[in-house]
Amino acid sequence: MNTTCDIAIVGGGAAGLTAAIVAAQTAHTAGKSLRVVVLEASDRVGRSILKTGNGRCNFSNQHIAEGPALVDYRNADFVRAALSALNATFPEPDFNDPVLAFFEDLGLEWRQEEDGRRYPLSNKASTVLDVLRAEAARLGVEEVCEARVAAVEAPTEAGKPFTLRLADGQFWRAGAVIVAAGGAAVERIDFAGPLSSPIMNPVQPTLGPLAVAEADQAFTRELDNIRVRCCVSLFREESPGGNTLALVRAETGELLFRPYGVSGICVFNLSRLAQPGDTVQINFLQMGDFDHSRIYIDSRFAGLAEHLGQAPTYEQFMRGLVLPRVADVLLKRAGLNAQDVANAEELFQMLCLCGFEVAGIGPADVCQVQRGGFAPEQLSAATMQVLELSGLFVVGEALDVDGPCGGYNLHWAWASGMLAGHAAALSRLGTE
Ligand SMILES: Cc1cc2nc3c(=O)[nH]c(=O)nc-3n(C[C@H](O)[C@H](O)[C@H](O)COP(=O)(O)OP(=O)(O)OC[C@H]3O[C@@H](n4cnc5c(N)ncnc54)[C@H](O)[C@@H]3O)c2cc1C
């Protein structure tokens with residue numbers, strides 16, 4: 001096989017496939033042709049896409065294009081600059097969202113759910129991969145699977161190609177390289193030549209469950225696999241050793257108890273901000289506001305007392321409000337007897353201030369994102385090209401960019417892939 005190409009993409013995931021398609025589309029629009037090759041470590045491209053959104057692929061979010069939500073991205077200024085460059089590069093008067101226009105052009109029908117989350121109309125992640133692969137094939141993009149890139153060697157002379165060394169000893173030469181290997185893998189690629197030591201921020205899992213301190217696990221273990229809708233807040237000591245807690249962030253949604261701690265999308269979002277020693281606090285009344293919680297408890301207490309003709313017991317107060325198992329475990333943790341007459345302050349403590357100490361992130365294999373990788377300050381936000389090394393581009397999770405649940409991470413992968421694919425093609429066509 002001829003192993004020389006114009007553009008080599010390292011990794012055929014969300015960002016890599018998009019970069020390959022846009023590079024080929026850019027050449028096609030210019031009436032030219034470029035050899036674009038995707039080098040993929042696994043036996044097929046797009047496996048990572050199939051796993052997303054519980055197999056449904058939450059591929060984007062309405063609120064990203066609106067702007068304010070961008071603050072939730074890590075390295076938000078870089079993301080804001082990149083998405084604004086994307087709008088300038090691919091102007092879309094009808095949508096104001098080039099990513100959506102890209103997928104519509106590929107024939108993807110989609111629908112929007114709560115919080116602006118966007119899914120394919122088919123509700124299947126495979127539909128997203130199907131339209132990507134069909135477009136890549138139409139444009140002659142080549143997929144080379146079971147090709148794990150071990151090293152990227154930059155040319156030592158201008159005009160010479162990059163060398164990509166594969167783990168099995170083979171090598172490829174390419175005029176431009178787009179690194180789209182995802183978060184965990186990028187650390188393991190050797191970069192040689194002029195960019196021998198790129199700034200790599202340490203890679204660590206995030207957007208996942210939270211493990212709680214061992215003493216608190218006695219409680220979460222007893223509730224293992226129970227799901228509750230609640231408001232969950234993250235608090236941090238204002239100053240080390242102090243006793244004033246400051247709210248970091250609150251989320252409302254479904255929480256899942258696990259033996260090691262707590263999980264669920266609302267917890268995943270807090271995990272991006274959490275540090276060991278923080279407090280994660282559950283309000284089972286689903287209220288973020290303590291004054292309203294107290295008013296609710298007093299009024300429910302009064303209503304039940306009137307109905308029963310006497311003050312309710314803890315069991316009577318909790319029945320119909322939380323699951324019996326949750327009530328049992330909360331009472332046990334507080335050292336209270338279900339048959340005792342309920343006390344409003346104790347109820348408030350149990351139901352609204354149920355706190356645990358954060359020990360750290362939960363099991364890595366449940367986390368959705370790897371934080372870290374290429375530090376964005378080494379790149380142009382408009383093209384994703386490494387500033388000091390013409391012809392090398394980095395996209396998607398290989399960069400130290402991550403966002404909350406809701407389509408933010410895939411949106412970043414497509415958007416950065418589009419910018420790099422376009423810029424890499426222009427550089428090879430000599431029309432930058
Ligand atoms: C379970 C789960 C569910 C998720 N759900 C969502 C969701 O619904 N919405 C959302 O926005 N985000 C979701 N995410 C996050 C999202 O999947 C990622 O942020 C996104 O896939 C990153 O795209 P990427 O192309 O940068 O990396 P990846 O999709 O990880 O692709 C990297 C590719 O590179 C290949 N590769 C790795 N190393 C090499 C190498 N050395 N040589 C060649 N190839 C290599 C890999 O095999 C892979 O195919 C989810 C993540 C997980 C784990």
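Predicted model: local features only at pLDDT ≥ 70, side-chain atom pairs only at ≥ 80, totals over all residues.
Local features were taken only where pLDDT is at least 70 and side-chain atom pairs only at pLDDT 80 or more, whereas totals for chains, interfaces and linings use all residues. Residues are numbered from 1 along each chain as its sequence is written, and side-chain values use heavy atoms, with hydrogens and water left out.

The chain contains 14 helices and 19 strands, assigned as DSSP runs (H or I, at least four residues, for helices; E, at least two, for strands) and numbered from the N terminus. Its C-alpha atoms fill a box of roughly 85 × 45 × 35 Å along the principal axes. Of the 432 residues, 52% are buried (under 20% relative accessible area; exposed is over 50% and partly exposed in between, with a 1.4 Å probe and protein chains only). The chain exposes about 19000 Å², of which carbon and sulfur atoms supply 47% (Shrake-Rupley method, 1.4 Å probe; for residues, only the protein chains shown count as cover). Among contacts (heavy atoms within 4.5 Å) between residues at least 6 apart in sequence, 73% join residues at least 24 apart.

The ligand is surrounded by 31 residues, the closest being Ala-15, Glu-40, Ser-48, Glu-397 and Leu-410; a residue belongs to this set if one of its heavy atoms lies within 4 Å. Helix H1 (14–29) and helix H14 (408–429) each supply at least two residues of the shell, and H14 gives the most, with four. A backbone N or O atom of Leu-410 lies 2.7 Å from a ligand oxygen atom, and one of Gly-407 lies 3.5 Å from an oxygen atom of the ligand. For Asn-58, a backbone N or O atom is 2.9 Å from a ligand nitrogen atom. The protein covers 85% of the 1000 Å² of accessible area that the ligand has on its own.

Ser-293, Ile-297, Arg-300, Phe-301 and Leu-304 of H10 are buried. The buried residues fall within an arc of 105° seen down the axis of H10, so they line one face of the helix; the arc is taken from the directions from the axis to the C-beta atoms. These residues pack against strand S16 (279–283), helix H11 (314–318) and helix H13 (344–352). On the other side of H10, Asp-291, Ile-295 and Glu-306 are exposed. Gly-309, which follows H10, has a positive phi, near 80°.

Conventions
Polar contact = N/O pair within 3.5 Å; in protein donor to acceptor, adjacent residues only side chain to side chain.
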